[in-house]
Structures are given as structure tokens and as C-alpha cells.
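Open the model in your viewer and keep the sequence beside it.

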Amino acid sequence: MAKTLTLTIVLTLTLLAALQQTTVAQKLHVVGDGLGWIVPPGGPIAYTTWADMQTFTAGDILMFNFTTGDQDVARVTKEAFDNCNSTNPIWLATNGPVNYTLSSGGDYYFIGTMERHCFFGQKLAVKDVTGAPAPMAPPPPPSPRVPTPPRAAKTYVVGDDLGWLVPPGGAIAYSTWAYNKTFFVGDTLVFNFVKGVQDVAEVSKAAYESCDTTTPITVLTTSPAKITLTTAGDHFFTSTYPRHCGLGQKLAISVMGTTSSPTPPPPPLTPAVPAPPVPPMTYVVGDDLGWLVPPGGEVAYSTWAYNKTFIVGDTLVFNFKNGTQDVAVVTKTAYESCDTVAATTVLSTSPAKIILTTPGEHFFTSTYPDHCRLGQKLAINVTGTAVPPPSTTTGSPAYAPGPGGPAPPPTSSAPSKSITSLFSVTYLSIAIAFLL
């Protein structure tokens with residue numbers, strides 16, 4: 001009897017130790033964050049962008065926030081995901097909110113099965129989920145906290161070139177802009193807008209979430225409106241114009257620390273070490289989206305160009321359907337007014353290749369009626385110089401189209417800089433049909 005009891009205790013302790021060693025951390029991902037699980041305003045780019053910002057591991061949990069009766073969520077195969085076929089889902093939930101655990105590595109596909117929700121962009125692909133992480137190691141002993149040295153105050157232009165307006169793709173535009181930025185007390189936000197059609201209001205969290213701007217903290221009506229962040233914590237901004245907040249003209253940021261301490265003197269100058277030359281790169285504009293009238297408006301190409309660094313010698317490739325699209329090089333004024341009468345260059349054969357031979361701002365659009373106004377436009381800034389650019393003769397044009405022009409620089413040894421594709425071609429034709 002004693003031997004049996006001893007053996008039972010040993011086995012129990014062994015099992016508990018094994019369970020303790022295999023315990024892994026779970027991370028909760030709220031799908032779409034504040035957007036929730038709905039038919040997104042700008043099409044599937046909303047959930048594609050959200051997923052690109054996450055790192056998924058087996059054991060993590062997806063939380064789908066939706067209103068029961070208005071939405072649902074189903075896990076489906078890739079084929080069903082591509083075709084918006086909800087006939088035989090792997091898993092279906094109709095009561096929100098609901099959690100789904102990523103039980104193993106691999107790819108997961110989710111759609112909304114109601115009416116045409118999937119076709120309008122209520123779909124999420126969670127790809128490359130890594131296997132279960134290694135067992136959690138005991139935490140290291142705490143180390144003495146070293147205070148972070150203060151930095152000089154910064155000035156941020158809200159939305160950068162997008163400015164402060166009702167964004168084409170909804171609130172995700174300003175969420176994307178604020179992502180990865182660290183705001184400190186003493187920093188300044190600059191809101192650029194058209195006076196008389198926009199304003200900027202600082203509001204409480206409750207007012208931000210409900211879009212109730214009847215009692216704002218501050219309202220500024222003259223552009224550019226400059227707001228200095230004087231307190232740490234969460235800050236919320238929107239517009240008091242009717243429906244602007246509900247359509248996505250809203251920004252939430254978290255302000256940390258302080259920059260009020262004196263800035264330490266700069267270190268002694270050291271001889272500059274020239275950076276190694278950067279080989280020319282080839283960028284496919286829009287990646288798999290191609291060059292067309294984007295479903296979500298010009299935010300699609302603004303998002304594509306975001307965080308890319310274009311250098312003299314790089315090549316842009318515009319892929320489009322001959323006879324239905326073209327690409328025009330225009331001035332900044334023509335880009336902003338969508339007046340393509342006096343385009344610098346017009347290329348009508350796909351793929352159209354343009355070599356960036358001069359630094360500065362470059363603007364591209366389409367000469368087809370209404371295409372520019374509906375968002376088929378791209379603005380980029382070209383800086384620096386890559387490895388010695390391809391030799392050109394005196395008086396050569398600023399843009400070298402292909403295949404009729406000079407061959408683009410070789411790119412076989414340079415890594416591709418394309419990002420995860422924004423849309424499936426299958427849905428683009430559907431979405432474009434609704435827009436045009």
C-alpha cells in the first residue's frame with residue numbers, strides 16, 4: 001500500500017512538472033482593434049493592414065468583436081476564402097464577441113458569411129502562424145532601472161501628406177499614421193486642413209468613442225492648427241463637423257514621459273564615414289493590386305508608398321490592363337487638381353517602367369476620365385543617389401519608360417522590397433464595379 005501511494009505521488013509530481021514546463025504565454029489579438037469585426041469602409045485593406053502589424057504564435061487568441069445578429073465569423077479553407085464561399089465552414093460563430101484560439105502553426109482564413117459581407121472586405125487571413133514557443137523560462141532577476149535620457153521635443157504633421165480630413169479608408173488611416181510613433185510631453189501636433197470645411201477638436205475618451213463633440217476640450221478652426229502636448233496620458237482628437245468623426249476623422253495617441261529636461265550637449269564631431277552605396281531597387285507599384293482605380297481611394301497607394309525610401313536610380317513598374325489604364329507623369333499642381341491635360345509623360349503600354357533619375361517629389365496619375373479623382377494617383381519623394389546611376393546622354397528625359405526606353409538597372413542581386421499584397425485580384429474587379 002505504501003509503495004502504491006509513493007508511486008502515485010511521484011507520478012503526480014512528474015505530471016505537474018511537465019505541465020509547468022510546457023506552459024506558454026498566450027497573446028490576445030483584438031481583430032481590427034477599435035474597428036472591430038464589420039464590413040470595413042475601405043475594403044479588405046483594413047484587415048490586411050491590421051494583420052501585417054501583428055505577430056501570431058500558436059496558442060494566441062483572436063477576439064472578434066461584433067454585434068450579434070448583424071455580423072458573424074467563420075473559419076474557412078483558403079479556396080473558400082478566395083471565393084467568399086461560406087457553404088461548409090470549418091467553424092462558425094454567430095454570437096459576438098467570440099474568441100478563437102490558434103491551436104497550431106500555419107495559415108488561418110476567416111470571413112463574414114452574411115449577405116455580401118465577404119465580397120465587401122469582411123475577411124481576414126492570418127498567415128505564417130509560428131509553432132508553439134519554447135517553454136517559458138523563469139524571469140531574470142530585476143535589474144536596476146536606468147532612466148531614459150530625455151530627447152528634444154519633436155513636431156509631427158498629423159497624417160503627413162494626407163493632412164487632416166475625412167480619410168478615404170476610414171479611421172485606420174490615422175491609426176496607421178500614429179502606429180510606431182512615440183509621443184512625449186513637449187511634442188507638437190500640426191493639423192493641416194482647409195479652413196471652413198474642417199476643424200480639430202480635442203475631446204475626452206468617451207466623446208471620442210461616441211463621436212459626441214458637443215462639449216470639446218478645445219476647438220481650433222484655423223489651419224495649420226498646432227497643439228503642444230503638455231500632459232502625459234491618452235489624448236483624443238476629432239472634428240466637430242457633422243459625421244466627420246463617424247467617417248474616420250479621429251486620432252487617439254498616448255503621450256509619455258517628458259522632454260522638459262535640458263538637452264545634453266552634442267558629442268564632439270567625429271569624421272563622417274560614408275555609407276555604403278545602395279543598389280538600385282525595382283518597385284512594383286501597388287504590388288498585386290496593380291495600377292488601377294483602387295477600391296478604397298488614394299489611401300491604397302499612400303499606404304503602399306508609406307515607409308518606402310526611393311532613391312535616384314530606382315525603377316517603378318506600373319502593371320495595368322492595356323486600353324483601360326495608363327500612367328502619366330504630372331506636376332504637383334496637376335496632381336492636386338487632377339488636371340492631366342499637360343502631362344509630362346504618358347505611358348499606355350503595360351508594364352510601364354519609369355526610372356527615377358532626379359531627386360525631389362514625383363507625381364503620377366492616369367489620364368482616363370475620373371480615374372485621378374477616384375484615387376488612381378501616387379506621390380513619392382526621391383532622395384539621395386544610389387550606386388552610380390545608369391549612364392545617360394546629355395538632354396535625356398527625366399523618366400526612362402520600358403520596354404521602349406533604356407533597360408532598368410539589374411535587380412537580381414537586390415532583395416525584393418514588396419510588402420504583403422493588399423488585395424486579391426478576384427475582389428478588385430467586384431469592388432471597382434461598385435465604385436465606377
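The residues lining the largest pocket divide into 23 nonpolar, 15 polar and 8 charged. Here Ala, Val, Leu, Ile, Met, Phe, Trp, Tyr, Cys and Pro count as nonpolar, Asp, Glu, Lys and Arg as charged, and the others, Gly among them, as polar. This is a predicted model, in which local features need pLDDT of at least 70 and side-chain atom pairs pLDDT 80 or more, while totals for chains, interfaces and linings use all residues. Residues are numbered from 1 along each chain as its sequence is written, and side-chain values use heavy atoms, without hydrogens and water.

Select G159, D160, D161, L162 and S302: of the 46 lining residues, these lie nearest the centre of the largest pocket. On a 1 Å grid over the protein atoms alone, a pocket is an open set of points where a 1.4 Å probe fits, with protein on both sides within 12 Å along at least five of seven lines; lining residues have an atom within 4 Å of a point.

Next, colour β23 (377–385), which gives the most to this lining, with 6 residues. Helices (H or I, at least four residues) and strands (E, at least two) are DSSP runs, numbered from the N terminus.

Finally, show β8, β10 and β13, which form an open sheet in that order with mixed pairing; strands pair if DSSP finds at least two bridges between them. β8 (155–157) and β13 (225–228) each have a single partner strand, so one side of each is left without a neighbour in the sheet. Strand β10 (residues 188–191) runs antiparallel to β13, joined by 4 bridges. Select T188: its bridge partner in β13 is T228.
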